[in-house]
Amino acid sequence: MKKLLFLILLIPVLGISQTKNVVNTNRYFPKADKILEFEKALTAHAQKYHTGDWKWRVFEIQSGPDAGGYHVTEGPTSWEASDTRGNLGAVHNTDWNKTVAIYLTDRGSSSYSVFVDSLSTVQLTDYSDKIIINHMYPKVGMFGGVINIVKNLKNVWKASNESVAVYQAINSGEPQIIYVTRLKGGLKELAGGYRKPLPERYNAANGAGSFDTYLADLAKYVESRWSELLFYRADLSSK
């Protein structure tokens with residue numbers, strides 16, 4: 001009876017530890033004259049070796065400093081699953097090195113991030129084909145202030161019916177909050193008349209004069225920020 005009670009009490013802990021909220025992101029930059037070959041090889045590799053918890057979603061980066069690159073997200077999965085995954089094996093590595101990597105430049109990046117449900121207005125796997133990735137870097141010691149900024153932004157997103165997924169970068173360079181605007185309505189959501197101006201929406205959601213406080217908080221807590229537009233490439237992704 002005691003053993004059964006212990007197992008029952010353990011269930012919530014196990015459920016939390018196995019939460020699939022971890023995403024691994026890699027960025028690849030093919031040689032200018034080998035883009036078609038790269039896309040063909042990447043597709044074959046993804047569909048053969050990256051399925052289930054390791055499924056790949058491939059995006060083409062349309063703007064920003066990484067424009068022309070390919071943004072590949074793997075997951076979502078859990079830290080525990082990642083811990084026991086191990087080496088993908090010689091066959092996988094040989095396939096990557098001999099069929100895909102030969103078309104790449106030396107430029108690239110890799111990172112891990114965790115989905116933050118409490119700050120998001122959309123479920124992790126409720127995807128869209130066009131997205132805006134916003135990168136926000138806190139000043140040293142100001143991470144809590146940036147979290148509060150995002151909390152207030154969430155009020156605006158909810159009131160404006162915006163689908164935004166928020167992530168925290170984990171052991172991947174400078175501390176970073178990433179919020180991804182999923183353009184469910186497509187690029188028309190960027191049109192000037194699609195929604196009211198941000199200052200008006202912000203004040204309506206957080207109180208009169210709050211937008212001025214928002215601007216002051218950005219200057220106080222945020223070191224830098226930038227954004228980019230990406231398009232999903234279903235034809236290159238895992239099936």
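**Figure 1. Packing of helix H2 against helix H4.** In this predicted model, helix H2 (residues 35–49) packs against helix H4 (residues 90–100) at an angle of about 170°, and the axes of the two helices lie 9 Å apart. Because angles over 145 degrees count as roughly antiparallel, H2 is described as roughly antiparallel to H4. On the side of H2, the contact is formed by Phe38, Ala41, Leu42, His45 and Tyr49. On the side of H4, the contributing residues are Val91, His92, Asp95, Trp96, Thr99 and Val100. Sorted by class, the contact of H2 with H4 comprises 7 nonpolar, 3 polar and 1 charged residues.

**Figure 2. Length and buried residues of helix H2.** H2 contains 15 residues, which should span 21 Å at 1.5 Å a residue; the C-alpha atoms at its ends are 21 Å apart, in agreement with that expectation. Which residues of H2 are buried? They are Phe38, Glu39, Ala41, Leu42, Thr43, His45 and Ala46.

**Figure 3. Aromatic rings around Trp96.** The count of aromatic pairs in the model comes to 10. In one of these pairs, the ring centres of Tyr28 and Trp96 are 5.1 Å apart and the ring planes stand at 50°, so the pair is classed as tilted. The pair joins distant parts of the chain, since Tyr28 belongs to strand S1 and Trp96 to helix H4, 68 residues apart. Both Tyr28 and Trp96 are buried. Together with Trp56, Tyr28 and Trp96 form one aromatic cluster.

**Figure 4. The aromatic pair of Tyr202 and Phe211.** Tyr202 and Phe211 form an edge-to-face aromatic pair, with 5.8 Å from centre to centre and 70° between the planes. Are the two residues of this pair buried or exposed? Tyr202 has a relative accessibility of 3% and therefore counts as buried. Phe211, at 12% relative accessibility, also counts as buried.

**Figure 5. Gly209 in the loop between helices H6 and H7.** Gly209 is located in the loop between helix H6 (198–206) and helix H7 (210–221). With a relative accessible area of 37%, Gly209 is partly exposed. Although Gly209 and Pro199 are 10 residues apart along the chain, their C-alpha atoms are separated by 9.1 Å.

**Figure 6. Packing of helix H5 against helix H6.** Helix H5 (residues 143–159) and H6 pack with their axes 9 Å apart, at an angle of about 100°. Because angles of 65 to 115 degrees count as roughly perpendicular, H5 is described as roughly perpendicular to H6. Asn152, Leu153, Asn155 and Val156 of H5 meet Leu198, Arg201, Tyr202, Ala205 and Asn206 of H6. The residues of this contact comprise 5 nonpolar, 3 polar and 1 charged.

**Figure 7. The chain that contains these close-up views.** The chain has 7 helices and 8 strands. Its C-alpha trace spans about 65 × 60 × 35 Å along the principal axes. Of the 239 residues in the chain, 43% are buried. Among contacts with a separation of 6 or more, 79% are between residues 24 or more positions apart.

How values were computed: Residues numbered from 1 in each chain as written. Predicted model: local features only at pLDDT ≥ 70, side-chain atom pairs only at ≥ 80, totals over all residues. Heavy atoms only, no water. Axes fitted to C-alpha atoms, helices over the stretch in contact; angles between N-to-C directions. Helix = DSSP H or I, 4+ residues; strand = E, 2+ residues; numbered from the N terminus. Parallel < 35°, antiparallel > 145°, perpendicular 65-115°, else oblique. Contact = heavy atoms within 4.5 Å. Nonpolar A, V, L, I, M, F, W, Y, C, P; charged D, E, K, R; others polar. Expected span 1.5 Å × (residues − 1). Buried < 20%, exposed > 50% of the residue type's maximum accessible area, 1.4 Å probe, protein only. Phe/Tyr/Trp six-rings, centres within 6.5 Å; stacked < 30°, edge-to-face > 60°.
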